[in-house]
Amino acid sequence: SPLSVHLAKLASALATAAPPRVVTGVCRAARAVAVAALATLRQPLLVVVASAKDAEDLQAGLSFTSPDLATAILEADAAEAYTARPPARAAAAAAAFDLLRLASKQLEILIAPARLALAPFPAPQDVLARTRWLRAGVALERETLIAHLVAEGYRRVAVTAEPGELAVRGEIFDVCTLAGCTRVVWEVDRI
């Protein structure tokens with residue numbers, strides 16, 4: 001199709017540029033085409049657009065031009081760029097989850113409104129490196145995991161109710177992430 005020919009030409013031109021690849025001045029109607037061309041380079045992309053509305057428009061355009069691309073929008077309330085208040089815990093958890101998905105290549109394109117450029121976010125590969133995966137039968141010291149989660153910003157509570165909370169009662173350990181709440185039961189030093 002004519003679109004695939006143009007994507008291939010644009011991708012070829014972009015492939016010769018050294019990272020980070022920056023494309024500016026692309027009219028609204030062609031943004032999805034330009035981003036789809038960048039995606040053919042098979043590297044995770046963080047695309048910064050002017051506003052949350054532009055992020056939604058770009059994602060809609062990508063779903064039309066390249067429906068197989070895994071995309072997500074970093075929500076504008078993931079950071080309070082203009083105030084001293086911390087962001088909502090659920091929004092911060094969603095942002096961390098999307099950064100993890102980008103780093104682990106489950107997500108190809110993450111779209112962010114420009115106001116988030118002022119907020120400190122960890123690099124996606126840092127999120128991946130700091131992530132702990134819990135699996136049944138794995139040897140793991142309970143206090144080590146609790147200390148790690150608290151250091152990462154989880155809050156100890158009596159009963160978990162939202163992402164970013166953990167509760168410990170004897171050998172029972174509840175943790176809530178964006179993916180949901182999980183109960184872990186320790187048998188001495190094993191999950």
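This is a predicted model: local features need pLDDT of at least 70, side-chain atom pairs count only at pLDDT 80 or more; totals for chains, interfaces and linings use all residues.
Buried residues, meaning those under 20% relative accessible area, make up 32% of the 191 residues in the protein. Residues are numbered from 1 along each chain as its sequence is written, and side-chain values use heavy atoms, with hydrogens and water left out.

**Overall fold**

The protein has six helices and seven strands. Both kinds of element are DSSP runs numbered from the N terminus: helices are H or I with at least four residues, strands are E with at least two. Read from the N terminus, the order is α-α-β-α-β-α-β-α-α-β-β-β-β. Counting a contact as heavy atoms within 4.5 Å, residues 24 or more positions apart account for 55% of the contacts with a separation of 6 or more. The accessible surface comes to about 11300 Å², and 58% of that surface belongs to carbon and sulfur atoms. Accessible areas come from the Shrake-Rupley method with a 1.4 Å probe; for residues, only the protein chains shown count as cover.

Two strands are taken to pair if DSSP finds at least two bridges between them. Strand β5 (residues 165–169) and strand β6 (residues 172–177) run antiparallel and are joined by five bridges. In this pair V168 stands opposite F173 in β6. The two strands form a hairpin with two residues between them, and G170 in the turn has a positive phi of about 60°. β6 also pairs with strand β7 (residues 180–185), again in the antiparallel sense, over six bridges. Here V175 stands opposite T182 in β7. A hairpin through two residues joins β6 to β7. In a regular strand the side chains alternate between the two faces of the sheet.

**Salt bridges**

A salt bridge is counted when a side-chain nitrogen of Lys or Arg is within 4 Å of a carboxyl oxygen of Asp or Glu. By this rule there are nine salt bridges. The table gives three of them, including two that involve D174.

| Salt bridge | N to O distance |
|---|---|
| K53 and D57 | 2.8 Å |
| R169 and D174 | 2.7 Å |
| R183 and D174 | 2.7 Å |

K53 and D57 are four residues apart in helix α3 (residues 52–65), so about one helical turn separates them. D57 is partly exposed at 35% relative accessibility.

D174 is buried, with a relative accessible area of 9%. Elsewhere, salt bridges that share partners join R28, R31 and D54 into one network.

**The loop at D77**

D77 lies in the loop between β2 (71–73) and α4 (89–103). This residue is partly exposed, with a relative accessible area of 43%. D77 and R115 are 38 residues apart along the chain, and their C-alpha atoms are separated by 9.6 Å.

Terms used
Buried means under 20% relative accessible area, exposed over 50%, partly exposed in between (1.4 Å probe, protein chains only).
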